[in-house]
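Student: I would like to learn how to read the overall form and the surface of a model such as this one. Could we go through it feature by feature?

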Amino acid sequence: MMATKAMRHNTRKRVMRKQVNYFMGTFNSMIKVCFVTAVAITAITLAVEAGMGLSL
């Protein structure tokens with residue numbers, strides 16, 4: 001009885017860990033995408049400002 005209970009608990013733990021790893025992976029990729037987008041927006045803004053400054 002005790003053994004089956006422990007095994008069931010371990011499998012639930014393993015599934016939880018898998019879900020956490022998956023969530024962390026998606027979270028990390030989302031952060032990377034947001035970071036790249038922010039950098040690109042900043043670069044475009046700086047380029048536009050520099051272009052406007054040169055034209056003036």
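This is a predicted model: local features need pLDDT of at least 70, side-chain atom pairs count only at pLDDT 80 or more; totals for chains, interfaces and linings use all residues.

Tutor: Along its principal axes, the C-alpha trace spans about 80 × 10 × 5 Å.

Student: How many helices and strands are there in the protein chain?

Tutor: The protein chain holds one helix and zero strands. Helix α1 covers residues 2–55.

Student: How should I read distances between positions along the chain?

Tutor: K32 and K13 lie 19 residues apart in sequence, and their C-alpha atoms are 28 Å apart in space. For L46 and Q19, which are 27 residues apart along the chain, the C-alpha atoms are separated by 40 Å. Both K32 and L46 are found in helix α1.

Student: What share of the 56 residues counts as buried?

Tutor: The share is 0% for the protein chain, where buried means under 20% relative accessible area. The chain exposes about 5400 Å², and carbon and sulfur atoms supply 74% of that area.

Student: Which residues make the nonpolar surface patch?

Tutor: Such a patch is read as a group of residues, with an area attached to the group. Here V20, F23, M24, F27, M30 and I31 make a nonpolar surface patch of about 590 Å². One of its members, F27, sits in helix α1 and is partly exposed, because its relative accessible area is 39%.

Student: Which residues gather in the patch of positive charge?

Tutor: A charged patch is likewise read by its members, and then by the setting of each one. K13, R14, R17 and K18 gather on the surface in a patch of positive charge. Among them, K18 lies in helix α1, and K18 counts as exposed because its relative accessibility is 61%.

Notes:
Residues are numbered from 1 along each chain as its sequence is written. Side-chain values use heavy atoms; hydrogens and water are left out. Patches are made of residues with over 30% relative accessible area and no salt bridge: like charges are joined within 9 Å, nonpolar side chains (Val, Leu, Ile, Met, Phe, Trp, Tyr) within 5 Å. Accessible areas come from the Shrake-Rupley method with a 1.4 Å probe; for residues, only the protein chains shown count as cover. A salt bridge is a side-chain nitrogen of Lys or Arg within 4 Å of a carboxyl oxygen of Asp or Glu. Lys and Arg count as positive and Asp and Glu as negative; His and the chain ends are not counted. The place of a charge is taken as NZ of Lys, CZ of Arg, CG of Asp or CD of Glu. Helices (H or I, at least four residues) and strands (E, at least two) are DSSP runs, numbered from the N terminus. Buried means under 20% relative accessible area, exposed over 50%, partly exposed in between (1.4 Å probe, protein chains only).
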